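Have a look at the model first.

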Amino acid sequence: MKTKLITPEGYKKLYDEHEHLWKVKRPEITKIVSWAASLGDRSENADYQYNKRLLRQIDRRVRFLRKLLPELQVVQHSPTQDGKVFFGAWVEIENEAGQVKNFRIVGPEEIYGEDKDFISIDSPMARALIKKSVDDVCIVKTPSGTKEWFINSIRYKDAFE
């Protein structure tokens, strides 16, 4: 089951997407569908069929967002979290081979899209990192075996601003 946590930035992004789809994109597509329908035979009208399909996709996404947004719990940063890994933290880790990874722990709804340096709070890596401090060793169980990672840094600055 997915955790229903989200950062303030993630919530704003989803809310803005809903507003754009509902108030801008949907009215545009509705006008096009109405215009295309007025031309006559809808079965052979590519404008009508394409835009009708697009309208269904928009409506599906709007329904999803309307159901999701009230369920999400927005997590604000607390100064007591500094020094340990919690939700919303930027974490830099390194393994024994010197491979370095830098990512932010966020809610499962935030990992999609252009932000490739986010991992879900539900992932094995995030679960293993929670409550750890800098220089701690984190043991992560993966399908290919157990991996050890060292925590180099934890940042909350810029994470909640």
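Which residue in β7 does C138 stand opposite? C138 stands opposite W149 in β7. Before going further, a word on the source: this is a predicted model, in which local features need pLDDT of at least 70 and side-chain atom pairs count only at pLDDT 80 or more, while totals for chains, interfaces and linings use all residues. Residues are numbered from 1 along each chain as its sequence is written, and side-chain values use heavy atoms, with hydrogens and water left out.

**The sheet**

Five strands make up an open sheet, ordered β5-β4-β3-β7-β6, with mixed pairing. Strands here are DSSP runs of E with at least two residues, helices are runs of H or I with at least four, and both are numbered from the N terminus. Two strands count as paired if DSSP finds at least two bridges between them. At the edges sit β5 (118-120) and β6 (137-142), each of which pairs on one side only. Ignoring direction, neighbouring strands of this sheet are turned by 45° against each other on average.

Here are the pairings, strand by strand.

| Strand pair | Sense | Bridges |
|---|---|---|
| β6 and β7 | antiparallel | six bridges |
| β3 and β7 | antiparallel | five bridges |
| β3 and β4 | antiparallel | five bridges |
| β4 and β5 | parallel | three bridges |

E94 has F150 as its bridge partner in β7, and V100 as its bridge partner in β4. V91 is partnered by I154 in β7, whereas I93 has K101 as its bridge partner in β4. Further along, I105 stands opposite I119 in β5.

Two packed helices are described by the angle between their axes and the distance between the axes. For helix α1 (residues 8-37) and helix α2 (residues 46-71), the axes come within 9 Å and cross at roughly 155°. These axes are lines fitted to C-alpha atoms, for helices over the stretch in contact, with angles running from 0 to 180 degrees between N-to-C directions. α1 and α2 are therefore roughly antiparallel to each other, a term for angles over 145 degrees. The contact of α1 with α2 has 19 nonpolar, three polar and eight charged residues. In these classes, Ala, Val, Leu, Ile, Met, Phe, Trp, Tyr, Cys and Pro count as nonpolar, Asp, Glu, Lys and Arg as charged, and the others, Gly among them, as polar.

**The largest pocket**

The largest pocket has a volume of about 280 Å³. A pocket is an open set of points on a 1 Å grid over the protein atoms alone, where a 1.4 Å probe fits, with protein on both sides within 12 Å along at least five of seven lines; its lining residues have an atom within 4 Å of a point. The volume is the space filled by probe spheres set on the points. Of the 17 lining residues, K13, L14, E109, E110 and Y112 are the closest to the centre. The elements giving two or more residues to this lining are α1 and α2, and α1 gives the most, with five residues. By class, the lining divides into five nonpolar, three polar and nine charged residues.

Key. Parallel < 35°, antiparallel > 145°, perpendicular 65-115°, else oblique.
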